[in-house]
Amino acid sequence: MILLKDVSKSYRNGVHALRDINLEIDEGEFVYIIGPTGCGKSTLIKLLDGEELPDQGEVYVAETNVGKLRHSRVPFYRRNIGVVFQDFRLLPKMTVFENIILGTKKDRSIFIKKDELRKEIMELSEKYGLEVELDKTVSEISVGAQQRVEILKALYRGAKLLILDEPTAALTDQEVEGLFAIIRRLTGENKSVIFISHKMREVMAISDRITILRAGETIETLRREDTNAAQLANLMIGHEMTVSRYQKVTKTEETVLRLDHVDYHKEHKHSGLNDVSFSIGKGEILGIAGVDGNGQSQLAQLVTGVIAPDSGEVDLKSKKVAQFIPNGFILSHVSHVPEDRNKMGLVGNMTVEENLVLKSTEDPRFSCGKGAFLKKKAIREFALALQKKNDIRCSSIEQEARNLSGGNQQKIILARELENHPELLVAVHPTRGLDIGASQYVHDTMIEARDKGCGILLISADFDEVLKLSDRIIVMFEGKVMGIYSGENPPIEEISLAMAGKEE
C-alpha cells in the first residue's frame, strides 16, 4: 500500500523536515508512527496525501508514484487514501450526511439522490460499527462522533489506507476502545491503517509494527511483540527516560480560589455546573477527573472570566468576583492554558515572538506608553530566551504560529502563561498532542510553579495525568461534584465509580 524510498523534504527557511525516510506498509497492516514533537510526522502525512512533494526519493501509494501526479490535481482520496486529521475538517453548521457527501459525485445526474446515498452510508456505518446520526449538525455531536464521521467520510470515498493523526487525543477510554474495534474490522478486510500517536499505552495495546521518527529520520521499525513502552520512549527522545515521582502537598494555609454553591445552566447536564463548591490553596494542584463533557469546559471558562455564574459566589484571593471578564482575571494574575489552543490560545497568523508576548504588551519591559510603542529588541530577546528554555521548535521566532506542529503551539502557550508567575493557573488538557518527553517537561514545570506558590486547577481527560500531578482530586459528573479525594494514595476504585456517576 505504501512505499517510501529515501525520501527527504526541506523548506525554504532551511528546515529539514525529513531525511532519507524509508517506510513500507502492506495491505491489512496496522502501523504506529511515533516520535517527539517536530520529528516530521505532519510532513510525512502531507507527502502521503499529495499535499507536499518530496525533494528527493519516491513516494508510492498503491503502486502509484505520487510525484507523477503533480500536475493532475487528483484528490488524494481517489488515490485510495483517507486522512483523519487531529483538527477535524468538518463544517459545523452542516449535517453529518451533508459533510459525508460533500464534494463527491456518484453519477452524472444533476440531482442528489439522497435516499440512495443515505442507504449506502448506513450500510457502511453498520458494517464497520461507525454509529452516526446523519441528520444532526456537526456542532451538535460529540468529539468521538465527529471522528466517526471523518472515518466514515473517508471510507465512503473508497479509502483503502486510513491515516489517523492523534485520533485519541480528545477521546474517552470507552471511545478509544470503540476506535480500536473499528480498526480491527478495517484491517480484517485488508485495509491498511497508519496511526500517529504519543501514547505508549495505546501503542503497546494494538499494532503490527511501530516506526520511530526523530529529527526527521527513521530511527527504527519494530514489531510490537519485540519491544516495550520503556524502549520506545527511550528511542523517541534519544536517551533513557526517567519517570518523575512528585511529592504530594497535603496542607495549604492560604486560599487562592473558592467556589461556593455555583450554578451555571444547571439544567444542561453536559454543559452546565450544578451546585459546585471547592477551593484551591496556594501551592496546590487540584485535579478534575471525569469523562470529557461533564461541565469541565464551563468550569474552566468560569474560573477565567469567560462566562459568569447564574448563582453562587466565586472568591479570588479572598475577594468576591463581581465582574466576570477575562482581562479582570488576567490582571488578578490568573493564567490559562485553554482546551482549544488554536481558537483560544494563539493568534495563528501572528509570529511565535508576538504570541509569546501577547499578554504583556503593556509591560514597561516591552513598551512605552501602555503599549503605544513596542520595544522590539527587548521583545525579541525575551522571545528567544523563552524559545530556548521551552524547546519550541520553529525555523525562527518570526515564523507564524499556525505553521507549527500542535505540540510546539502548545509549548508557546505554556511558556507565555507560566513565565508570568501566576497566582492561579487553569490548565486544561495541558499535554494534549505532546510527546512523552515534552509532557514530562510540562509536568515538571507545573510542579515547579506549584512549589513556588502557584495554585493550579488541572482539568485533563487523561486519568493517569490527574493521578500523577494532583494533590487533591475532584470528580465531576453531569456538572456536579461527586467527591473530593486526597492525591496521596487515592482510592482508584471509588474515583472510577464516581466518574461513572455513583455517589460516595
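Strands here are DSSP runs of E of at least two residues, numbered from the N terminus, and two strands pair if DSSP finds at least two bridges between them. The model is a predicted one, in which local features need pLDDT of at least 70, side-chain atom pairs count only at pLDDT 80 or more, and totals for chains, interfaces and linings use all residues. Residues are numbered from 1 along each chain as its sequence is written, and side-chain values use heavy atoms, with hydrogens and water left out.

An open sheet of four strands runs in the order β2-β1-β4-β5 with antiparallel pairing. Because β2 (16–25) and β5 (64–65) stand at the edges with a single partner strand each, one side of each is left without a neighbour in the sheet. Within this sheet, Val61 stands opposite Thr64 in β5.

Elsewhere, Arg258 has a bridge partner in β12, namely Ser279, and another in β14, namely Asp315.

| Strand | Partner | Bridges |
|---|---|---|
| β4 (residues 56–61) | β5 | two bridges |
| β11 (residues 255–264) | β12 (residues 273–281) | six bridges |
| β11 | β14 (residues 311–316) | five bridges |

Turning to the cysteines, a search of the whole structure finds zero disulfides, a disulfide being a pair of cysteine sulfur atoms within 2.5 Å. The sulfur of Cys394 is 16 Å from the closest cysteine sulfur, in Cys39, and is therefore too far for a bond. Relative accessible area (1.4 Å probe, protein chains only) defines buried as under 20%, exposed as over 50% and partly exposed as in between; Cys394, at 16% relative accessibility, counts as buried, whereas Cys368, at 39%, counts as partly exposed.
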